[in-house]
Amino acid sequence: EVDLALMWIRLGHAVQAEALLSTQDGQGAGRPRRLLALAVAQHEQDDFDEALNTARRAELADPRALLPMVQQALMFEQRGREEDAKLARNRWQQVWDAAADQGGFSGLLQSVRAGVYLERSEGEAESADTDTDDGAGN
């Protein structure tokens with residue numbers, strides 16, 4: 001049913017996907033994956049707060065999983081508010097740290113992804129500092 005919901009999301013039917021995923025709320029087997037898919041459906045409906053809450057629930061359901069952290073980082077990054085940039089950077093740093101302990105291809109992939117974001121955001125911060133310099137060190 002999660003695969004069906006993901007297909008519906010891909011086809012632009014996020015409301016139907018959310019309805020299907022919400023009917024399985026208490027089921028323990030596959031709960032983190034279901035919650036991640038539910039967060040995507042909610043995000044597709046522009047319900048950022050509910051999607052973020054659901055992604056956090058997915059992280060609580062499987063604290064060692066990287067994907068819920070990645071999903072939250074991407075949501076903060078996409079929303080693009082100034083305070084979200086710091087939250088996104090913090091989540092990517094947590095992905096970086098957690099991925100180092102995981103090993104395997106998935107851990108490596110998420111580590112590279114987090115590293116790219118962290119390097120890029122550090123470069124942007126340095127560029128912003130340079131832009132505000134008036135040449136006299138101010």
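Predicted model: local features only at pLDDT ≥ 70, side-chain atom pairs only at ≥ 80, totals over all residues.
Local features are reported at pLDDT of at least 70 and side-chain atom pairs only at pLDDT 80 or more, whereas totals for chains, interfaces and linings use all residues. Residues are numbered from 1 along each chain as its sequence is written, and side-chain values use heavy atoms, with hydrogens and water left out.

**View 1. The loop residue D46 between α3 and α4.** D46 lies in the loop that separates α3 (31-44) from α4 (48-61); helices are DSSP runs of H or I with at least four residues, numbered from the N terminus. The phi angle of D46 is near 60 degrees, a positive value in a residue other than glycine. D46 counts as exposed because its relative accessibility is 72%, where exposed means over 50% and buried under 20% relative accessible area (1.4 Å probe, protein chains only).

**View 2. The buried and exposed residues of helix α4.** The buried residues of α4 are F48, A51, L52, T54, A55, A58 and E59. They cover an arc of only 160 degrees around the axis, and therefore lie on the same side of α4; the arc is that of the directions from the helix axis to the C-beta atoms. These buried residues pack against α3, α5 (67-79) and α6 (82-102), with contact meaning heavy atoms within 4.5 Å. The face turned away from the buried side carries the exposed residues D49 and L60.

**View 3. The exposed residue F105 in helix α7.** F105 is placed in α7 (residues 104-131). With 64% relative accessibility, F105 counts as exposed.

Terms used
Helix = DSSP H or I, 4+ residues; strand = E, 2+ residues; numbered from the N terminus.
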